[in-house]
Amino acid sequence: MCFHVQTDVLLRRHLAEAIAMCSKWGNNAKRFSEEGAVKPMVEYLGSHDITVQRSAMRALEQLGKYPDSCITMHRSGVVKVTLPSSRHQLSLLIGIGIF
């Protein structure tokens with residue numbers, strides 16, 4: 001079983017890298033998004049393997065150039081709004097231009 005787990009990790013990493021690279025050209029990011037590639041890449045962010053996570057982040061960066069992908073990412077929980085817990089933290093963030 002260990003062999004299959006390692007194969008799965010390699011497959012996911014290479015798939016995410018391929019999507020990242022191919023999404024740079026033409027309308028591939030749009031096509032990948034329309035074919036449902038965003039959700040699996042979001043799921044790959046939860047991988048225990050850091051190389052899979054990094055590859056998925058690169059893929060999502062490229063897929064995010066197509067607006068509908070951003071909506072899917074947000075709905076999938078990639079983008080979470082975190083509000084400051086105190087007025088002091090809020091004033092610091094406003095001071096550096098975050099809010």
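The exercises below concern the salt bridges of this predicted model.

Local features require pLDDT of at least 70 and side-chain atom pairs pLDDT 80 or more, whereas totals for chains, interfaces and linings use all residues. Residues are numbered from 1 along each chain as its sequence is written, and side-chain values use heavy atoms, with hydrogens and water left out.

**Exercise 1.** Determine how many salt bridges the model holds.

*Solution.* The criterion is a side-chain nitrogen of Lys or Arg within 4 Å of a carboxyl oxygen of Asp or Glu. Applying this criterion gives 3 salt bridges.

**Exercise 2.** Describe the salt bridge between Arg12 and Asp8.

*Solution.* The closest N and O atoms are 3.0 Å apart. Helices are DSSP runs (H or I, at least four residues), numbered from the N terminus. Both residues belong to helix H1 (residues 2–22), and their spacing of 4 residues corresponds to about one helical turn. Next, accessibility is classified: buried is under 20% relative accessible area, exposed over 50%, and partly exposed in between (1.4 Å probe, protein chains only). Arg12, at 30%, is partly exposed, and Asp8, at 33%, is likewise partly exposed.

**Exercise 3.** State which parts the pair Glu17 and Arg58 ties together.

*Solution.* Glu17 and Arg58 form a salt bridge with a closest N to O distance of 2.6 Å. Glu17 lies in helix H1 and Arg58 in helix H4 (residues 50–63), so the pair ties together parts 41 residues apart in sequence. Arg58 is partly exposed at 39%.

**Exercise 4.** Characterise the salt bridge of Glu34 and Lys30.

*Solution.* The N to O distance is 3.9 Å. Glu34 and Lys30 are 4 residues apart in helix H2 (residues 28–34), about one helical turn. Glu34 is partly exposed at 46%, as is Lys30 at 36%.

Notes:
Helices (H or I, at least four residues) and strands (E, at least two) are DSSP runs, numbered from the N terminus.
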